Amino acid sequence: MSRTAFIFPGQGSQYVGMGKDFYDTYEEARNVYRLAGEVSGLDMEALCFTENDRLNITEYTQIAMLATEVAVLKVLESKGVRADITAGLSLGEYGALAAADVMDLRDLFYIIRKRGIFMQEEYPKGGAMTAVLGLGSDQVEAICSRTEGIVTIANYNCPGQVVITGEERAVTEAAQALSDAGAKRCVPLRVSGPFHSQLLKGAGDKLERALQDICLRDPSIPYISNVDAIEVTEAAPVKTLLKNQVSHSVCWQQTIEKMIADGVDTFIEIGPGKTLSGFMKKISRDVRCLNIDKLGDLDKALEELGC
């Protein structure tokens with residue numbers, strides 16, 4: 001039996017103008033941006049649609065990305081498209097929470113705004129992240145473990161691609177060792193923090209406290225956690241998973257492989273860019289992956305889905 005998954009990209013896929021065609025065309029999208037602005041106190045239209053210096057700063061990026069993902073999601077749902085399961089990469093996990101109706105959107109935007117601020121403030125020295133291409137994750141893990149200082153894997157993206165994270169000096173030294181070991185490329189990422197490393201554990205602790213008063217519901221469809229690539233079907237573990245996700249590796253390749261093993265044959269990437277669709281091609285070419293970033297993508301997806 002055919003199964004469909006909604007998947008949501010993470011930080012790094014943002015761009016000026018993302019979501020504007022949906023905003024201009026659909027009231028469902030406008031309502032989402034307006035709610036995000038009301039909750040955050042930010043001018044979401046200016047942040048997402050006009051040239052500015054804030055869109056690539058974590059505390060602003062996260063709510064801008066989530067608002068865009070949810071806006072596209074609500075338009076897609078208004079067309080009658082539904083998923084059987086959902087997941088998101090890093091920040092994108094909050095898009096999956098929206099798709100699974102785990103919390104009210106007002107609470108979701110409140111929490112993502114807090115998360116962005118906590119992560120931005122936790123390690124102001126900066127840290128570093130680097131994408132490593134062409135080596136197996138076991139080899140990357142081994143070299144990181146031998147490197148002095150804090151450097152670990154942040155993301156298991158797809159075969160032959162992981163991201164390392166940690167202290168800038170340690171990440172630089174590990175990247176050189178990985179290049180010497182045969183990595184095709186080691187590409188420093190333009191980020192404002194050592195995301196998904198133990199250096200952000202304090203941000204996770206603050207997020208846990210912010211989540212204490214948030215009411216959660218059992219997911220309407222299962223979602224898969226970044227932390228362990230296991231289906232979540234009850235509200236009980238969600239707050240702990242979200243706390244741990246801030247400083248834990250993102251098991252994205254494992255997440256996709258689990259969904260495929262469980263019968264998912266259609267994936268719909270919802271939100272800016274085509275990053276997850278690119279990863280999908282390296283994980284499996286035996287499944288269908290659609291991408292909805294712009295309005296034209298929506299029309300193509302609806303036609304292909306027979307909606």
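Me: How many salt bridges does the count come to?
Reply: The count comes to 15 salt bridges. Keep in mind that this is a predicted model.

Me: Take Arg 113. Which residue does it form a salt bridge with, and how far apart are the closest N and O atoms?
Reply: The partner of Arg 113 is Glu 59, and the closest N and O atoms are 3.4 Å apart. Arg 113 sits in helix H6 (residues 105-122) and Glu 59 in helix H4 (residues 58-78), so the pair ties together parts that are 54 residues apart in sequence.

Me: Is Arg 113 buried or exposed?
Reply: Arg 113 is buried, because its relative accessible area is 14% and the cut-off for buried is under 20%.

Me: And Arg 217, what does it pair with?
Reply: Arg 217 forms a salt bridge with Asp 104, with 2.8 Å between the closest N and O atoms. Arg 217 is in the loop between helix H9 (201-211) and strand S7 (223-224), while Asp 104 is in the loop between helix H5 (92-99) and H6, so this pair ties together parts 113 residues apart in sequence.

Me: How accessible are Arg 217 and Asp 104?
Reply: Arg 217 is partly exposed, at 30% relative accessible area. Asp 104 also counts as partly exposed, at 40%.

Me: Staying in the loop between H5 and H6, what is the phi of Asp 101?
Reply: Asp 101, in that loop between H5 and H6, has a phi near 55°, which is a positive value in a residue other than glycine. Its relative accessibility is 38%, so Asp 101 counts as partly exposed.

Me: His 196 has a positive phi too. About what value?
Reply: About 60°, although His 196 is not a glycine. His 196 is in the loop between S6 and H9 and counts as buried, at 3% relative accessibility.

Me: What about Ser 197, where does it lie and what does it touch?
Reply: Ser 197 lies in the loop between strand S6 (185-188) and H9. Not counting residues up to four places away in sequence, Ser 197 touches Thr 152, Thr 165, Gly 166, Val 246 and Ser 247. Ser 197 is buried, with a relative accessible area of 0%.

Me: Back to charges. Which residue does Asp 262 form a salt bridge with?
Reply: Asp 262 pairs with Lys 258, the closest N and O atoms being 3.0 Å apart. Asp 262 is partly exposed at 33% relative accessible area, and Lys 258 is partly exposed at 26%.

Me: Which residues do salt bridges with shared partners join into one network?
Reply: Lys 201, Asp 205, Glu 208 and Lys 243 are joined that way.

Me: Which residues gather in a patch of positive charge on the surface?
Reply: Lys 274, Lys 281, Arg 285 and Lys 300 gather there. Of these, Lys 274 is in the loop between strand S9 (264-270) and helix H12 (275-283).

Me: Why does Lys 274 count as exposed?
Reply: Because its relative accessibility is 55%, and exposed means over 50%.

Me: Now Glu 69. Which helix is it in, and is it buried or exposed?
Reply: Glu 69 is found in helix H4. Glu 69 is buried, with a relative accessible area of 0%.

Me: What is Glu 69 in contact with, leaving aside its neighbours within four places in sequence?
Reply: Glu 69 is in contact with Phe 8, Pro 9, Gly 92, Gly 95, Ile 270, Gly 271 and Pro 272. Glu 69 and Phe 8 are 61 residues apart in sequence, and their C-alpha atoms are 7.1 Å apart in space.

Me: Pro 272 also comes up with Lys 294. How far apart are those two?
Reply: Lys 294 and Pro 272 are 8.0 Å apart in space, C-alpha to C-alpha, and 22 residues apart in sequence. Lys 294 lies in the loop between strand S10 (288-292) and helix H13 (295-305) and is partly exposed, at 42% relative accessible area. With neighbours within four places in sequence left aside, Lys 294 is in contact with Tyr 15, Asp 21 and Phe 22.

Me: Last one, Thr 255. Where does it lie?
Reply: Thr 255 lies in helix H11 (residues 252-261). Thr 255 is buried at 0% relative accessible area, and beyond its neighbours within four places in sequence Thr 255 is in contact with Ala 87, Ile 224, Ser 225 and Ala 229.

Terms used
Residues numbered from 1 in each chain as written. Predicted model: local features only at pLDDT ≥ 70, side-chain atom pairs only at ≥ 80, totals over all residues. Heavy atoms only, no water. Patch = residues over 30% accessible without salt bridge, like charges linked within 9 Å, V, L, I, M, F, W, Y side chains within 5 Å. Areas by Shrake-Rupley, 256 points an atom, 1.4 Å probe, with all protein chains shown as cover. Salt bridge = Lys/Arg side-chain N within 4 Å of Asp/Glu carboxyl O. Lys, Arg positive; Asp, Glu negative; His and termini not counted. Charge placed at Lys NZ, Arg CZ, Asp CG, Glu CD. Helix = DSSP H or I, 4+ residues; strand = E, 2+ residues; numbered from the N terminus. Buried < 20%, exposed > 50% of the residue type's maximum accessible area, 1.4 Å probe, protein only. Contact = heavy atoms within 4.5 Å.
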